[in-house]
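Hi everyone, thanks for making time for this. I'd like to walk you through one model today, so please have a look at it while I talk.

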Amino acid sequence: MATATVLKFMQKTAEDDALRQQLEKLLGVGDGNISSESELDAAESEALKGERAPVVAEFAALNGFDFSVDELVSVIDAFQKHQGGEISDDEFAKVLGIVVPSASEGGMAGVSKLKKWFTRTYLGY
């Protein structure tokens, strides 16, 4: 799933200093760490959704993360909308392709674990 690849690329910017520094240069704004909602600032979001998107998608592909410009823009747009309170956690998870099991499928324990992982990984807290 390409959305998952965008998310993996975003997460990698927190783990790989060289990748983060190269992304920072490509974007021309921010610090290059786009790993979570708390790390992704407004200037980075706009650059990633704007004219820098094709360059970033190409850069990501050169680093083993293959996704389209549209997929990148869709994920960044979801992050922005969630940051702004325009979409709920559930809607955000749906856009990102994260399936939240119902109580009958995995019980509330599964939902709690998923929420903790999701919050820590993509929301940054």
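I'll start with the overall picture, then go through the helix contacts, and finish with a group of aromatic rings.

Please keep in mind that this is a predicted model. Of the 125 residues, 39% are buried. And if you take the contacts between residues at least 6 apart in sequence, 52% of them join residues at least 24 apart.

Now let's turn to helix H5, residues 69-83. Which way does H6 run against H5? Their axes come within 10 Å and cross at roughly 175°. An angle over 145° counts as roughly antiparallel, and H5 and H6 are therefore roughly antiparallel to each other. On the H5 side, the residues in this contact are Ser74, Val75, Ala78, Phe79 and His82, and they meet Asp89, Phe92, Val95 and Leu96 in H6. Sorted by class, that contact has 6 nonpolar, 2 polar and 1 charged residues.

While we are here, have a look at the loop between H5 and H6, where you'll find Glu86. Is Glu86 buried or exposed? Its relative accessibility is 58%, and the cut-off for exposed is over 50%, so Glu86 counts as exposed. Leaving aside residues up to four places away in sequence, Glu86 touches Lys81 and Glu91.

Next comes helix H3, residues 42-49. The axes of H3 and H5 come within 9 Å, with a crossing angle of roughly 155°. That makes H3 roughly antiparallel to H5. The crossing of H3 past H5 is left-handed. Here Ser45, Glu46, Leu48 and Lys49 in H3 meet Leu72, Val73, Ile76, Asp77 and Gln80 in H5. The residues of this contact divide into 4 nonpolar, 2 polar and 3 charged.

Then we have H4 against H5. What is the angle between H4 and H5? They pack at about 105°, with their axes 9 Å apart. Since 65 to 115 degrees is the range for roughly perpendicular, that makes H4 roughly perpendicular to H5. In H4, the residues involved are Ala53, Pro54, Val56 and Ala57, and they meet Val69, Leu72 and Val73 in H5. What classes of residue make up this contact? There are 7 nonpolar residues, no polar ones and no charged ones. If you are clicking along, you can find Leu72 and Val73 in the H3 contact and again in the H4 contact.

Last topic: the aromatic rings. The count comes to 4 aromatic pairs. One of them is Phe9 with Phe59, an edge-to-face pair at 6.2 Å centre to centre with 75° between the planes.

Definitions and conventions
Residues are numbered from 1 along each chain as its sequence is written. This is a predicted model: local features need pLDDT of at least 70, side-chain atom pairs count only at pLDDT 80 or more; totals for chains, interfaces and linings use all residues. Side-chain values use heavy atoms; hydrogens and water are left out. Rings of Phe, Tyr and Trp (its six-membered ring) pair if their centres lie within 6.5 Å; planes under 30 degrees apart count as stacked, over 60 as edge-to-face and the rest as tilted. Axes are lines fitted to C-alpha atoms, for helices over the stretch in contact, and angles run from 0 to 180 degrees between N-to-C directions. Helices (H or I, at least four residues) and strands (E, at least two) are DSSP runs, numbered from the N terminus. Angles under 35 degrees count as roughly parallel, over 145 as roughly antiparallel, 65 to 115 as roughly perpendicular and the rest as oblique. Contact means heavy atoms within 4.5 Å. Ala, Val, Leu, Ile, Met, Phe, Trp, Tyr, Cys and Pro count as nonpolar, Asp, Glu, Lys and Arg as charged, and the others, Gly among them, as polar. A crossing is left-handed if the near helix is turned anticlockwise from the far one by less than a right angle, and right-handed if clockwise. Buried means under 20% relative accessible area, exposed over 50%, partly exposed in between (1.4 Å probe, protein chains only).
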